[in-house]
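Biologist: Please pick one spot in this model and take me through it up close. After that, I'd like to hear how the rest of the chain is put together.

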Amino acid sequence: MAPSLRVTVVPLVGPFHTRFPLYTVVHVRSILERLQPEAVALASLPPGALGAPGWQATPEIALPHTVVPWARRRGVPLVEVASVAGGPGEPGNAEDAERFERFLSEFEAGRAHLRQVQSALRPVQELLGRALDLGRIRSELLPAIAAYEAARVEEYGEGPGTGWAAERAARVAERVRALPYRHVALLAGVDDLPALTAALAGTVELADAPDPAPDPDEARTRALLDVAMRGEVEDPAPLLAQLRELDLPEARYHQANLLLAHAHVAEALELLQGVAAGDFQEPYYLPGFVLARLGQLCDLAGDRAAALRAYRGALALDYAPPEAEAAARAGLAAPFEWPTRP
């Protein structure tokens, strides 16, 4: 009997979406727009995760950035299907592999196994240093990850050394097969995809995602904002000029960060005060980062009262990134000081 469920696999690359200008979070949303699935299955979030704001701290940044907002606007069901390592009734523990490798490192024979696994990891690391698109992710990165995972199984055996990858993939596959739909888009991190597709093979109709076709202007803007977010530029002047052309609160935030990094505190403060006076709810991480950074800039400008208001505002949000929360709590405890790096 032919499988009744069609599953289109959409790879996610976590924070590397900000480093791959041809596979940003906008490209991921574009794939979903082309697919028009009946439901979206999220292999990186455990059942019930979407019920509380904290899920947005997931390293799979495409989910809170574009995927979940798109699905909610369109009324497309979202289903969390991840296996929580070490949770009730779930196999393994998220820290098992790290503990296993620390144990191996104490013995010469164990270190030999570690060297073999590290050798298999190097091609993955090399690929992640390049600007990949979806085609290269499928044709180069996923096979390299599959080879690395196979090496781990060969050297460690399936179990704690692999983070119980096969068992967790089987649990995710079981949840996907139980979905009451005919066509599901399955979004999963590239680390999990080799085991997950193996667990689904033969029981569902597996399909590759179509090439993304985002709006070119939006894709270029997202890639520029991602460069600004990383802040890895020797000469900020060209980037600042490009950001000034964008009528977006996120662009003003990145401008302020670049200015602060080069000690232009007054200009950065003026920019963020303007952002805070308007609507800066999107993207999901922006409110927390803006308010925490505004507090730091107010401290540097000697306005402690305004700094405290900004820090408290960051902590009062329904969601702020963990880094923003930590900065706000530190700012409440003591004024932010230069030259501590932001």
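**A close look at one loop**

Modeller: Let's start with Pro283, which counts as buried because its relative accessibility is 10% (buried means under 20% relative accessible area, exposed over 50%, and partly exposed in between, using a 1.4 Å probe and protein chains only). Before going on, a word on what you're looking at: this is a predicted model, with residues numbered from 1 along each chain as its sequence is written, and local features need pLDDT of at least 70, while side-chain atom pairs count only at pLDDT 80 or more. Totals for chains, interfaces and linings use all residues, and side-chain values use heavy atoms, with hydrogens and water left out.

Pro283 sits in the loop between α11 (265-276) and α12 (286-300). (Helices here are DSSP runs of H or I with at least four residues, strands are E runs of at least two, and both are numbered from the N terminus.) The peptide bond leading from Glu282 into Pro283 is cis, with omega near -5°. Most peptide bonds are trans, and most residues other than glycine have a negative phi.

Who touches this proline? Setting aside residues up to four places away in sequence, Pro283 is in contact (heavy atoms within 4.5 Å) with His65 and Glu250. His65 is 218 residues away along the chain, yet its C-alpha atom and that of Pro283 are separated by 6.3 Å.

Now follow the chain past α10. Ala263, in the loop between α10 and α11, has a positive phi of about 70° although it isn't a glycine. Ala263 is partly exposed, at 46% relative accessibility. Gln36 is another non-glycine residue with a positive phi, near 50°; you'll find Gln36 in the loop between α1 (25-35) and β2 (39-42). Its relative accessible area is 46%, so Gln36 counts as partly exposed.

Stepping back, the chain has 14 helices and 5 strands. Among contacts between residues at least 6 apart in sequence, 69% join residues at least 24 apart. Of its 342 residues, 48% count as buried.

What about the greasy parts? The largest nonpolar core holds 67 residues, and Leu42 and Leu187 touch the most other members. (A nonpolar core is a set of buried Ala, Val, Leu, Ile, Met, Phe, Trp, Tyr and Cys residues joined through side-chain atoms within 4.5 Å.) Helix α5 (residues 134-156) gives the most to this core, with 9 residues. A second, separate core of 32 residues includes Ala251, Val275, Ala307 and Phe336. In soluble globular proteins, nonpolar side chains tend to be buried together. Not counting residues up to four places away, the contacts of Leu187 include Val10, Leu32, Leu63 and Val67.

As for overall dimensions, the C-alpha trace spans about 65 × 50 × 40 Å along its principal axes.
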